Amino acid sequence: MVDALQQLLQGVFGPVFPLVWTLLKIVLIIAPLLLGVAYLTFWERKVIGWMQVRIGPNRVGPWGLIQPIADGVKLLMKEIVIPSGASKGIFLIAPMFAFAPALAAWAVIPFNDTMVLANVNASLLYIMAVTSVGVYGIILAGWSSNSKYAFLGGMRSAAQMISYEVAMGLALVVVLMVSNSLNLGDIVKAQGRGMFADNGLGFLSWNWLPLLPMFVVYLISIVAETNRAPFDMAEGESEIVGFHVEYSGMAFAVFFLAEYANMILVSTLTAVLFLGGWLSPVGFLPDSIFWLFVKIAAVLFFFLWIRATFPRYRYDQIMRLGWKVFIPVCLIWLTVVGCWMMSPWNIWK
Amino acid sequence: MEFKTFVFYFFAAIMVFAALRVITARNPVQAALFLVLTFVSASGIWMLLQAEFLAIALVLVYVGAVMVLFLFVVMMLDINLDRVREGFWSYLPLGAIVALLMVAEMGLVLGGNYFDLFENKVPQAAADATNVMSVARLMYTDYVYPVELASVILLVGIVAAVVLTMRDRRKTKAVDPATQVIVKAKDRMRVLQMPSEKQG
């Protein structure tokens, strides 16, 4: 069917066909992603509701299923207020700066053996570079609002994101050391080899087990990196105002979308780097994209779960955890894995 | 015109424009943002040269980390632009000499191949290896001592920065996490029994 469609489009568009085909693939990634973002907000409210013995949204549509669409329409209808004295251009560009990297990073995510938009050699580096641009949305929003609260909030969350990026980067260095590649597809394939995978217990061969300390560091760092509870210093819905106090309507909604799109992105990265991507956990079931989605959903649930479970960290505790705990742990484990790989007990040949 | 040439001129034009705006923008934050745009365009041009590792590293290090810290500082400065511009003409001759010297030095380095200045040529990368692999192999074989030296210098820089900020540590009210964790309810709160004053 795909071949038939390809031929049909080739006939219609002729020389610009590759462009049209790529655009089509981009739409095929972005559209489900945005739908996922919308329903992640809904799922979050439901899950936290259940955990707190409430019902959660249930008024709009059957079981409240239309709720995210109603929220979206509400935000679209609202006015975008631009504060007086704000730097208008930057004020309007900042939400896009926050949102665009979360979408651009999907270009190199492999969904299975062959399904990837751009199969580039340095895809892990590309992801790190693109996601590091997202912090601009936050500082620019804080600065351009011409408000002290927004500015301080922006500084706070930007400092937090930069700190945890270091620990995250070091954890990724260990992953690429054992996979011997920067290509995300190859990293997944490297996890399908090993003693356990040969005996049909694939899930014990994935990176999470031999690199357990890095997995824990990465899992906590991504929560801090996306400014989610218990590290939600950026804005704590009812208590702390953050970098987007002055934003309203759709401009605010774009920040909101960016946060959830980033959550889905980092969950996908966790699934690809540590949980074996599309690989099946046991030998008798086939590898498929289905497993990738299951793993992403599991990590996303972890995000919601800890939000309902833990109280908020104090700011100096966040900084201490990032700089004085995670970075030394990463540096030591980096050396340990390096020695391990050089020793006769190397399991990543 | 070939498409690749078009892409090159596209990036080059943006880069030159952004670089000019860095020194002409009135607002220092806008100047810093134009510097970011310059870096991104430069990375695009490097990508055309198939130096993808350098291109991505430029975005990762300079755009993602260095310029963010730069913006932090610039945003918190309270700059009076008129005061800054006051001495423009008196500093111009000195500035022009420094600028000319820098242009000459950059020309010599960048045109080194053309003027035949380099004693040993930069080794060519193996055709089959990826960009990252060839850079890594050169860094840890042929250039291992310069790399180690550079990293030691950077480490000294880090330690120096930490020491400079830690000089008057006495003023900060940092708490020791160990003592916080070990605390029990008994240490902070005493429950007293009191007979009630009022009868009935």
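Mentor: The model is predicted, so local features need pLDDT of at least 70 and side-chain atom pairs count only at pLDDT 80 or more, while totals for chains, interfaces and linings use all residues. Residues are numbered from 1 along each chain as its sequence is written, chains are lettered from A in the order in which they are written, and side-chain values use heavy atoms, without hydrogens and water.

Trainee: What makes Arg228(A) and Glu259(A) a salt bridge?

Mentor: The term asks for a side-chain nitrogen of Lys or Arg within 4 Å of a carboxyl oxygen of Asp or Glu. In this pair N and O are 3.2 Å apart, so the pair meets the definition.

Trainee: Why is this pair said to tie parts of the chain together?

Mentor: Arg228(A) lies in the loop between helix H10 (212–225) and helix H11 (249–273) of chain A, and Glu259(A) lies in H11 of chain A, so the pair ties together parts 31 residues apart in sequence. Helices here are DSSP runs (H or I, at least four residues), numbered from the N terminus.

Trainee: Why is Arg228(A) called buried?

Mentor: Buried means under 20% relative accessible area, exposed means over 50%, and partly exposed is in between, with a 1.4 Å probe and protein chains only. Arg228(A) has 3%, so the residue counts as buried. Glu259(A), with 17%, is buried too.

Trainee: What makes Asp232(A) and Arg312(A) another salt bridge?

Mentor: Their closest N and O atoms are 2.7 Å apart, so the pair falls within the cut-off. Asp232(A) is in the loop between H10 and H11 of chain A, and Arg312(A) is in the loop between helix H12 (289–309) and helix H13 (315–342) of chain A, 80 residues apart.

Trainee: Are Asp232(A) and Arg312(A) buried or partly exposed?

Mentor: Asp232(A) is at 10%, so it counts as buried. Arg312(A) is at 32%, so it counts as partly exposed.

Trainee: How do you know that Val133(A) touches chain B?

Mentor: Contact means heavy atoms within 4.5 Å. Not counting residues up to four places away in sequence, Val133(A) touches Val59(B) and Val63(B), along with Phe97(A) and Pro101(A). Val133(A) lies in helix H5 (residues 123–133) of chain A, and at 16% relative accessibility Val133(A) counts as buried.

Trainee: How many residues does each chain give to the contact between chain B and chain A?

Mentor: Chain B gives 24 residues and chain A gives 26. The buried area is about 2,000 Å², and carbon and sulfur atoms give 80% of it; buried area is the accessible area (1.4 Å probe) that two parts lose on being put together, summed over both. The elements that give two or more residues to the side of chain B are helix H2 (28–48), helix H3 (52–76) and helix H9 (177–182) of chain B. H3(B) gives the most, with 14 residues.

Trainee: What kinds of residue make up the side of chain B that touches chain A?

Mentor: There are 18 nonpolar, five polar and one charged. Nonpolar covers Ala, Val, Leu, Ile, Met, Phe, Trp, Tyr, Cys and Pro; charged covers Asp, Glu, Lys and Arg; the others, Gly among them, are polar.
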